[in-house]
Amino acid sequence: MSAPTEPSTTNSGSATLSVALMNDYEVVVRGLADMLAPYGDRIRVAELNVNLTPTDPVDVTLYDTFAVPQIYGEDVETLVANPNCGHIVVYSWQSQPDALEAGLSKGLSGYLPKTLSADELVTALERVHAGEQVVMYADRSRDPDHSDDPNIDINGPGAAQRWPGREAGLSPREAEMLALITQGLSNAEISARCYLSANTVKSYIRSAYRKIDVDTRARAVSWGMTHGLQLEQLREWCHN
């Protein structure tokens with residue numbers, strides 16, 4: 001367990017935690033930034049990074065795993081070795097024990113579920129910044145892909161979160177499947193990346209196809225390319 005670190009300070013002198021947000025999709029990091037915005041007296045979003053790593057020092061890097069591998073091994077080592085990243089925290093709908101243990105052994109400081117409310121998320125990040133290794137597991141009753149309604153309750157804990165395809169009625173997992181298809185991955189590659197069985201992947205894909213009214217992989221890729229599911233790169237420094 002690392003020793004507690006000194007809090008960052010803004011120009012006004014108030015104690016804040018600086019965080020960089022990472023994912024491969026702009027809509028994801030912007031949604032997360034909006035979710036954290038009301039907590040500006042406690043947390044400062046310093047960078048938004050789309051398919052890029054932080055370039056300026058921050059206290060915590062929050063790594064959203066939508067459509068990207070659950071990081072472990074070399075992925076974790078690369079981020080942990082980057083002095084700009086600070087503490088590395090994975091933010092995910094799912095909690096795979098094998099990937100989680102591998103990541104923690106490589107230097108992850110936290111693993112947090114997206115079922116947390118904004119206040120719970122900020123509190124957890126503050127604990128990480130204070131030197132704790134914080135691991136929480138998703139409450140599956142609040143997981144949008146394991147409920148009667150596969151979309152997040154607009155009044156629920158994840159209301160401020162966004163993902164590509166949400167406006168089309170896709171759940172996070174369905175959108176993730178389409179994003180990976182748009183990237184050119186096979187079902188077997190999607191299964192390995194997302195730690196899901198082949199049958200589960202097929203089920204999510206069938207459900208997604210029905211919602212966007214396509215019946216072939218080529219049409220799904222075409223839909224994804226025109227609805228924000230293609231990979232992109234962006235870095236934005238925030239000066240709040």
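1. With which residues is Trp 237 in contact, leaving aside its neighbours within four places in sequence? They are Ala 46, Glu 47, Thr 55 and Asp 56, where contact means heavy atoms within 4.5 Å. Trp 237 has its place in strand E8, residues 234-237. Helices (H or I, at least four residues) and strands (E, at least two) are DSSP runs, numbered from the N terminus.

2. The model is a predicted one: local features need pLDDT of at least 70, side-chain atom pairs count only at pLDDT 80 or more, and totals for chains, interfaces and linings use all residues. Residues are numbered from 1 along each chain as its sequence is written, and side-chain values use heavy atoms, with hydrogens and water left out.

3. Trp 237 and Val 45 are 192 residues apart in sequence, while their C-alpha atoms are 8.6 Å apart in space.

4. For the chain as a whole, there are eight helices and eight strands. Of its 240 residues, 49% count as buried. Among contacts between residues at least 6 apart in sequence, 72% join residues at least 24 apart.

5. The largest nonpolar core has 27 residues, of which Leu 21, Ile 43, Leu 62, Leu 112, Leu 121 and Leu 125 touch the most other members. Such a core is a set of buried Ala, Val, Leu, Ile, Met, Phe, Trp, Tyr and Cys residues joined through side-chain atoms within 4.5 Å. At least two residues of this core come from each of strands E2 (15-23), E3 (43-50), E4 (60-64) and E5 (87-92) and helices H1 (26-36) and H4 (118-129). H4 gives the largest share, six residues. Apart from this core lies another, of 26 residues, including Phe 66, Ala 67, Ala 175 and Ile 190.

6. Leu 121 touches Leu 32, Leu 36, Leu 62, Tyr 91, Leu 112 and Leu 116, not counting residues up to four places away in sequence. As background, nonpolar side chains tend to be buried together in soluble globular proteins.

7. Helix H5 (residues 172-182) holds Thr 182. H5 is mostly covered, eleven of its eleven residues being buried. Those buried residues pack against helix H6 (187-194), helix H7 (198-212) and helix H8 (217-226). Thr 182 counts as buried because its relative accessible area is 11%. Leaving aside neighbours within four places in sequence, Thr 182 is in contact with Ala 220, Val 221, Gly 224, Met 225, Leu 229 and Gln 230. Just after H5, Gly 184 takes a positive phi of about 100°.

8. How are H5 and H6 arranged? Their axes are 10 Å apart, and the two helices pack at an angle of about 130°. Axes are lines fitted to C-alpha atoms, for helices over the stretch in contact, and angles run from 0 to 180 degrees between N-to-C directions. H5 and H6 are therefore oblique to each other: angles under 35 degrees count as roughly parallel, over 145 as roughly antiparallel, 65 to 115 as roughly perpendicular and the rest as oblique. At this packing, Arg 173, Glu 176, Met 177, Leu 180 and Ile 181 in H5 meet Ile 190, Arg 193 and Cys 194 in H6.

Terms used. Buried < 20%, exposed > 50% of the residue type's maximum accessible area, 1.4 Å probe, protein only.
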